[in-house]
Amino acid sequence: MAYWIASSPHNHVKAKTPVLMRTVILAAIPGIAAQYYFFGPGTLMQIGLAVLFAVLAEITFLAIRDKQIKTQISDFSAVLTGVLIGISVPSLAPWWITALGSIFAIAIVKQLYGGLGYNLFNPAMAAYVMLLVSFPVEMTSWQPAIELMSIDLSAFNHLWIILTGFTWEGFSVEQLRMNIDGVTMATPLDTLKTDLTLGLTVQESFTKPVFGEYFALGWEWINIGFFIGGLYLMAKKAIDWVIPVSFLTTLWLVTLIAYTVSPDSSASTMFHYLSGGTMLGAFFILTDPVSASTTRNGRIIYAASIALMVYIIRTFGGYPDAIAFAVLLANMMVPLIDQYTRPRTYGHKQS
């Protein structure tokens, strides 16, 4: 009777890397569909651009490193990185923003460290932070939900403004961000942060149209879409449930405490859950098997620390959303977390 002996770590899920990557891409479809519905076809165009430049960068640097291009490009890791970058950038951002971010993610964050499995940071989030710090105006120019816009955009105009910065009729991104009353719109997180600094209460801020009927017009459904995709990933055992559950539980705890202490200056847990990139981060970013912690206790600490940093940055920091910054900071902590949460070797005798 033959036995197959494999080295650790042992995983009960025998899915190969291309299958895993395709599963994650498939799970992102509900969130992408919601983003398309509320913000238009620009989202799909950004994803297409990001995937194109990510794959081209992967091919180029694999050739420079004299690696097997066909084998490594077919693992779909570059495609997934492109999808995540395309989701993260504003739907009307200039094409070169997406191209630069995709090339940076693959060339610098991934290939410079040795390729898939060797990168210290999450490539998509590192690229997002680089773009946000370098080009804050372009990266924070999110358009309002389509129903709040004063100018109706066709698919052609979405493409034209991505390529040229203006619609065919000559409208700029800043003009497109105005609602029917001529007021420039921002994301719900940014609007709430600004209003609180102006002395308004949370309840007074929530009367603005950008929050819609519930918590964040458009963004609530996008987050629900990524939440559904995350449940699918957990059901397929493509991700470890410990990370998203630890992240969402910690975020619930800190926001509940803050809301209980000061409801006038602190948003509810559901607002934090359904705004910005919370669910995308919980199920698609934090769970990156390369840059996340590898031990069970370590994953709890890793996810909980990200949730705490997300709340602190959203509340006291200069940027309204904080997923990318928190993830990169936690990526730096992973080696130390793994060192102190490494399970004891079987048969080890404590001295």
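The largest cavity has a volume of about 70 Å³. This value, like the others reported here, was computed from a predicted model. By the rule applied, the count comes to one cavity of 30 Å³ or more. The lining of the largest cavity is formed by F39, W142, Q143, P144, A145, L148, A186, T187, P188, V210, L217 and W219. By class, this lining comprises ten nonpolar and two polar residues, with no charged residue.

Open space was also examined. The second largest pocket holds about 610 Å³ of space. Its lining consists of 32 residues, and those lying nearest the centre of the pocket are S88, Y128, W142, G276 and D321. Two or more residues of this lining are given by each of the helices α5 (77-88), α7 (123-134), α11 (188-197), α13 (219-235), α16 (278-285) and α18 (323-341). Among these elements, α13 gives the most, with four residues. The lining of the second largest pocket divides into 20 nonpolar, nine polar and three charged residues. W142 is listed both among the residues nearest the centre of this pocket and in the lining of the largest cavity.

The axes of α2 (residues 29-39) and α13 come within 7 Å and cross at roughly 165°. Angles over 145 degrees count as roughly antiparallel, and α2 and α13 are therefore roughly antiparallel to each other. The crossing of α2 past α13 is right-handed. On the α2 side, the contact is made by P30, G31, I32, A34, Q35, F38 and F39, which meet W219, W221, I222, G225 and F226 of α13. Nine nonpolar and three polar residues make up the contact of α2 with α13, and no charged residue takes part. F39 and W219, both of which belong to this contact, are also found in the lining of the largest cavity.

A further helix pair is formed by α3 and α9. The axes of α3 (residues 42-64) and α9 (residues 155-164) come within 9 Å, with a crossing angle of roughly 45°. The two helices, α3 and α9, are therefore oblique to each other. In this pair too, the handedness was assigned: α3 passes α9 in a right-handed crossing. The residues in contact are G42, M45, Q46 and L49 from α3, and A155, H158, L159 and I162 from α9. By class, the contact of α3 with α9 contains five nonpolar and three polar residues, and no charged residues.

Technical notes. Residues are numbered from 1 along each chain as its sequence is written. This is a predicted model: local features need pLDDT of at least 70, side-chain atom pairs count only at pLDDT 80 or more; totals for chains, interfaces and linings use all residues. Side-chain values use heavy atoms; hydrogens and water are left out. Axes are lines fitted to C-alpha atoms, for helices over the stretch in contact, and angles run from 0 to 180 degrees between N-to-C directions. Angles under 35 degrees count as roughly parallel, over 145 as roughly antiparallel, 65 to 115 as roughly perpendicular and the rest as oblique. A crossing is left-handed if the near helix is turned anticlockwise from the far one by less than a right angle, and right-handed if clockwise. Contact means heavy atoms within 4.5 Å. Ala, Val, Leu, Ile, Met, Phe, Trp, Tyr, Cys and Pro count as nonpolar, Asp, Glu, Lys and Arg as charged, and the others, Gly among them, as polar. On a 1 Å grid over the protein atoms alone, a cavity is a set of points where a 1.4 Å probe fits but cannot get out, and a pocket is an open set with protein on both sides within 12 Å along at least five of seven lines; lining residues have an atom within 4 Å of a point. Grid points are joined across faces, edges and corners, and a volume is the space filled by probe spheres set on the points.
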